[in-house]
Amino acid sequence: MAGVTIRGVLFDFSSTLFRLEFSDPKFPKDEESARTQRIMLSMTAGPTRPLPVHDDPDWARRDLDQDTHHRMFTEAFRQAGIPDGHVERAYAQVLDPVSWTAYPDAGAALRRLRGAGVPVAVVSNIAWDIRSIFDRAGITDLVAEFVLSYLEGSMKPDEKLFRVACDRLGVDPAEALMIGDSAQADGGAAAVGCAVEIVPAIPTWERPDALLAALAKHGL
């Protein structure tokens, strides 16, 4: 990709621009609350240990519709040890915009691209509309397109989502950059010719400028 001018940038959502970092005042500040949050983070970032639910064929299509997502995640929460009385509340928190924290440089990265005249698409495996999260952070207007799996009927690393994003931005995939946290899912963009940068899926306070650094590597 040396010497290629990047004319469009695709970003993943979860653990790339935002991270699930919630605190629920209804939960007591005890080990049960901490355990619940750890389980939820592991489930949204990808399973860290096998559970019976991961053998369900619907797990592989969990981000294609809300009903499947709800059923798969609530069952995963139960199997991972979240008490039955907390499961629905835990799931509701995943969908709550308040639960999502933007990485420190997310807004700055999007504003840098806006200033450079480089359009942005968010390409996410997700089962609900995440624009309210961007609205809360005040950065929705910096994103030209939201390409979401449940609306497109396809999940990364399927080439379709990356092609759709590039088409809607009006850029050739060979002149696009995909930034995400998953080499498997987001790395699928390489198959259509995009450059790819992988950032670590770590807490927001531990990753102050990875997005800006990724852009800088490509002259942005």
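View 1. W100 is buried, with a relative accessible area of 4%, where buried stands for under 20% relative accessible area with a 1.4 Å probe and protein chains only. F13 likewise counts as buried, at 0% relative accessibility. This is a predicted model, in which local features need pLDDT of at least 70 and side-chain atom pairs count only at pLDDT 80 or more, while totals for chains, interfaces and linings use all residues. Residues are numbered from 1 along each chain as its sequence is written, and side-chain values use heavy atoms, with hydrogens and water left out. A search of the whole structure finds seven aromatic pairs, a pair being rings of Phe, Tyr or Trp (its six-membered ring) with centres within 6.5 Å, called stacked if the planes are under 30 degrees apart, edge-to-face if over 60 and tilted for the rest. F13 and W100 form a tilted pair, 4.8 Å centre to centre with 40° between the planes.

**View 2. The ring cluster.** Ring pairs join F13, F18, W100, F134 and F146 into a cluster.

**View 3. R207 over Y103.** R207 lies over the face of Y103, at 3.5 Å from the ring centre; the criterion asks for NZ of Lys or CZ of Arg within 6 Å of the ring centre and within 35 degrees of the ring normal.

**View 4. The open sheet.** Five strands form an open sheet in the order β5-β4-β1-β6-β7, with parallel pairing, where strands are DSSP runs (E, at least two residues) numbered from the N terminus and two of them pair if DSSP finds at least two bridges between them. Four bridges join β1 to the parallel strand β6 (residues 176-180), and the bridge partner of V9 in β6 is L177.

Methods
Buried < 20%, exposed > 50% of the residue type's maximum accessible area, 1.4 Å probe, protein only.
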